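Me: I'd like to learn how to read a few features of a protein model, step by step. Could you take them one at a time with me?

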Amino acid sequence: MKEQYDLIIVGAGPIGLACAIEAKRNNLSYLIIEKGALTNSLYNYPLYMTFFSTAERLEIGEIPFNCIAPKPGRQEALEYYRNIHKYFKFNLNLYEEVESINKVEINHFDIKTSKSNYSAKNVVIATGFYDIPNLMNIEGENLPKVHHYYKEAHPYSFQNVVVVGANNSSVDAALECYRKGANVTMVIRGEGFTHRLKYWVRPDIENRIAEGSIKAFFNSNITSIDENQVHIQTPEGDISIENDTVLALTGYHPNFKFLENCGITFSNDELKTPTYNPETMETNVDGLYLAGVVCGGMLTNIWFIENSRVHAQQIVEAILAKNNK
């Protein structure tokens with residue numbers, strides 16, 4: 001007979017780790033299964049990304065996040081969460097992808113992964129939203145020069161770079177590429193940048209555009225991409241510009257197909273908000289819980305580490321309450 005865990009946690013991001021901390025503190029048997037590296041989404045962030053949140057708001061398990069700067073960067077965050085694992089010694093499987101979660105009967109889930117099969121009484125899905133990019137669905141988007149993820153600016157030095165998007169990742173990429181010698185053009189669907197733009201970045205990008213160092217087309221869309229050009233629809237008419245690289249940083253969304261295959265239902269609108277109880281984080285499937293940014297559906301800007309850390313305690317309290325009935 002294979003072991004049946006009280007809780008299997010899918011995803012070893014900060015919120016998945018927070019769930020494991022609560023399970024461990026309450027003597028629940030648990031296993032974290034992560035398809036990539038520890039805190040895989042953070043690992044895939046741009047090298048020099050700075051968090052909007054301050055260090056204390058990224059803390060989990062009441063373990064202090066010591067950081068010299070008021071707002072930590074990617075490297076500091078990776079160091080912190082590695083140390084969290086060293087401290088708690090999680091039961092953790094890395095580089096193992098969960099392929100299916102099936103409710104067999106009351107208090108019994110079968111979990112199939114790329115490496116094995118597991119049994120659990122309860123399951124938490126804390127997979128975030130960073131795995132699947134929002135596509136532009138235009139001709140040429142599949143060319144090798146089009147990238148939906150950005151790591152660092154050096155490969156784009158002295159190239160004609162188009163950056164798509166008005167969010168923090170787009171602005172960071174545009175500024176970094178410009179400062180590494182790229183000829184940068186931004187294409188933005190709306191009339192301005194997102195109101196969530198980091199306050200210390202906004203004057204920088206606005207001044208670079210005003211002085212002409214970075215070109216920007218607002219209320220505009222890319223209509224197609226070819227090997228040497230990008231074709232843009234602007235309020236002044238259609239234009240074509242020389243291009244070597246497109247950074248299509250248009251956002252990401254959760255793996256809705258995976259959630260649907262688990263039996264989770266969604267709101268009947270374009271937001272695709274998954275069904276869950278906000279007090280317990282339990283979905284419409286008894287014993288299956290959501291934690292972290294995956295709860296937001298297409299609204300990937302409402303849940304962050306700092307405001308979803310509480311999900312871990314809510315979930316474990318709900319499990320313990322069921323066990324005590």
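Me: How far apart along helix α5 are Glu-206 and Arg-202, in residues and in turns?

Reply: Start with the general idea: an α-helix has 3.6 residues a turn, so residues three or four places apart point the same way. Here Glu-206 and Arg-202 are four residues apart in helix α5 (residues 202-210), so about one helical turn separates them. Helices are DSSP runs of H or I with at least four residues, strands are runs of E with at least two, and both are numbered from the N terminus. One caution before we go on: this is a predicted model, in which local features need pLDDT of at least 70 and side-chain atom pairs count only at pLDDT 80 or more, while totals for chains, interfaces and linings use all residues. Residues are numbered from 1 along each chain as its sequence is written, and side-chain values use heavy atoms, with hydrogens and water left out.

Me: What joins the side chains of Glu-206 and Arg-202?

Reply: They meet in a salt bridge, with an N to O distance of 3.7 Å. The criterion is a side-chain nitrogen of Lys or Arg within 4 Å of a carboxyl oxygen of Asp or Glu. The structure holds 13 salt bridges. Arg-208 and Asp-204 form one of them at 2.7 Å, N to O, and this pair also lies in α5, four residues apart. Through shared partners, salt bridges join Arg-179, Asp-204, Arg-208 and Glu-211 into one network.

Me: Is Arg-208 buried or exposed?

Reply: Look at relative accessible area: under 20% is buried, over 50% is exposed, and in between is partly exposed (1.4 Å probe, protein chains only). Arg-208 has 15%, so it counts as buried. Glu-206 has 38% and is therefore partly exposed, and Arg-202, at 24%, is partly exposed too.

Me: Which parts does the salt bridge between Arg-57 and Glu-306 tie together?

Reply: For a salt bridge, check the sequence separation as well as the distance. The closest N and O atoms of Arg-57 and Glu-306 are 3.8 Å apart. Arg-57 lies in the loop between α2 and α3, and Glu-306 in helix α7 (residues 305-308), so the pair ties together parts 249 residues apart in sequence. Both ends are partly exposed, Arg-57 at 42% and Glu-306 at 27%.

Me: How many residues of α1 are buried?

Reply: Ten of its twelve residues are buried, so this helix is mostly covered. Among them are Pro-14, Gly-16, Cys-19 and Glu-22. To judge its length, take 1.5 Å times one less than the number of residues. Helix α1 (residues 14-25) reaches 17 Å from its first C-alpha to its last, close to the 16 Å expected.

Me: Which residues touch the most other members of the largest nonpolar core?

Reply: A nonpolar core is a set of buried Ala, Val, Leu, Ile, Met, Phe, Trp, Tyr and Cys residues joined through side-chain atoms within 4.5 Å. The largest one here has 91 residues, and Tyr-81, Phe-90, Ile-101, Ile-111, Ile-125 and Met-186 touch the most other members. Helix α1 gives the largest share of this core, seven residues. Another core, of 14 residues, lies apart from it and includes Leu-143 and Val-230.

Me: What does Phe-90 contact, leaving aside neighbours within four places in sequence?

Reply: Contact means heavy atoms within 4.5 Å. Phe-90 is in contact with Leu-17, Ala-20, Ile-21, Tyr-30, Ile-32, Ile-84 and His-85. For Ala-77, which sits in helix α3, the contacts beyond four places in sequence are Leu-42, Phe-51 and Phe-65. Ala-77 has 0% relative accessibility and so counts as buried.
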